[in-house]
Amino acid sequence: MPYELPTDDMTLAADSFRKFLHAEIKPVVKEYRDRHIPKEKMRELTRQIANFGLPGCTVPIEHGGMGWTYSAQGMLFEELMAVSCDVAICVMINNGIARRLLSASPALRDRYLPGILAGELFGCAGISEPDVGSNVAEIKTRAVRDGSDFIINGEKTWITNGHYSDFIICTVKGEKGLSHILVDRQEHGYETRNIEKIALNSQSTAQVFFSDTRVPDSNLIDGEGEGLKNTMRMFEHARAHVGMLSVGLMRAALEESIAYSQQRKQFGKIIASHQLVAAKIANMAMLLDASRLMCQRVFGMIDAGVRCDLEASMAKAFATESAVRVCRDAVQLHGGNGITKEFNVEKYLREAIIIPIPDGTTEIQRLFISRRLTGISAFV
Ligand SMILES: Cc1cc2nc3c(=O)[nH]c(=O)nc-3n(C[C@H](O)[C@H](O)[C@H](O)COP(=O)(O)OP(=O)(O)OC[C@H]3O[C@@H](n4cnc5c(N)ncnc54)[C@H](O)[C@@H]3O)c2cc1C
């Protein structure tokens, strides 16, 4: 499927979003840099961002969203990511949660969706566990029926937005297999503990603990036992979005590398005029552009209602690994300055290293891709 050029409306929306981000969000994230942004402060940011359509861009107008295309949404995510990886990831999770709530009962949807779309509430998706990462089918968190309730016990880990979260859409194992249950932190109760990482510490990645947590079965999203199928569907969308986040990161690294190469002088001339530096800039730009095209192709396919699991895996693997290469080149191009806190590129590299891991590692994407092409599974 060919990539469609953005319309004038999409370009206009992305331009005004970029101006807002530079004026209002960039100063705040610069102040925090690697420090944790407290929930109330993050909420101030997500509320402002919600005015520009994220996270509800693709949510139909009748449910309070903007009713825009995934292609347009991808452009907004690129802008947000180019300014803050932390805030972008937080909003991206709320975006996935908003889409998932569209499959919930009207009562659940109407209770949680408006808050998510307004940037007031934080949701999270609990799939991974200490012993369950790449192989989602092995999930151990148990949901045992007790009349019209479920009793949940178990532990989730690496949960983005976990510490901020007002509710979690938790993947649990029951008698009929995996299911998704919405658990409210206040009403049903769960504990969280934030995880310190090499980067992305301004947002929250957390462990989530359930201990005899009682939740009514009306909080099931879709039917009992439909969790594995729906988790895979969530991944299809999430992978292209994670790819697009990498595009934003690459763009920030490239823009700063271009600016630096135009002013830094060595051997009596600006380094952009040294051919090896020029080649580095060209390579970075090509990786960025190819990644953007691959991700936007997936968004175009989602908009057209076409199956795109193969393309989403390719886009995710290519874009996230390209971001590692581009950000590494950005540090190299900055020389010694590149590894100091005075410049952003060291932070970009630390962030880039993380992104090939969530929503299926690069190795897992390659296994998906080859299985789709050959029909043979090389997973075990
Ligand atoms: C920043 C961040 C945010 C995250 N957010 C969330 C979230 O919001 N919700 C959530 O549920 N999870 C989240 N995750 C978890 C993420 O999805 C898992 O980390 C990921 O699926 C990998 O699982 P693992 O870390 O347990 O690694 P493992 O599955 O233990 O893999 C370890 C290594 O072995 C490789 N490997 C595993 N199996 C195979 C195989 N068959 N063939 C070849 N290589 C293999 C992997 O590629 C990897 O390199 C997040 C993770 C990160 C880092």
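In this predicted model, a polar atom in the side chain of threonine 160 is placed 2.8 Å from a nitrogen atom of the ligand.

**Polar contacts and cover**
- The side chain of serine 134 has an N or O atom 2.6 Å from an oxygen atom of the ligand.
- Phenylalanine 379 takes part through its backbone, of which an N or O atom lies 2.8 Å from a nitrogen atom of the ligand.
- Taken on its own, the ligand has 980 Å² of accessible area, and the protein covers 67% of this area.

**The shell around the ligand**
- Two or more residues of the shell come from each of the elements β1 (123–126), β3 (149–160) and α10 (362–374).
- The ligand is surrounded by 18 residues, of which Ser128, Ser134, Trp158, Thr361 and Glu363 are the closest.
- By residue class, the shell consists of 10 nonpolar, 6 polar and 2 charged residues.
- Because both domain 2 (124–225) and domain 3 (228–374) contribute residues to this shell, the ligand lies between these two domains.

**Annotated N-terminal span**
- An unreviewed UniProt entry assigns residues 8–120 the feature "domain: Acyl-CoA dehydrogenase/oxidase N-terminal".

How values were computed
Residues are numbered from 1 along each chain as its sequence is written. This is a predicted model: local features need pLDDT of at least 70, side-chain atom pairs count only at pLDDT 80 or more; totals for chains, interfaces and linings use all residues. Side-chain values use heavy atoms; hydrogens and water are left out. A residue is near a molecule or strand if one of its heavy atoms lies within 4 Å of it. A polar contact is a pair of N or O atoms within 3.5 Å; within protein, one must be able to donate a hydrogen and the other to accept it, and residues adjacent in sequence count only if both atoms are side-chain atoms. Accessible areas come from the Shrake-Rupley method with a 1.4 Å probe; for residues, only the protein chains shown count as cover. Helices (H or I, at least four residues) and strands (E, at least two) are DSSP runs, numbered from the N terminus. Ala, Val, Leu, Ile, Met, Phe, Trp, Tyr, Cys and Pro count as nonpolar, Asp, Glu, Lys and Arg as charged, and the others, Gly among them, as polar. Domain bounds come from an automatic or database domain assignment. UniProt positions are given in the numbering used here, feature names are shortened, and annotations may be inferred rather than shown by experiment.
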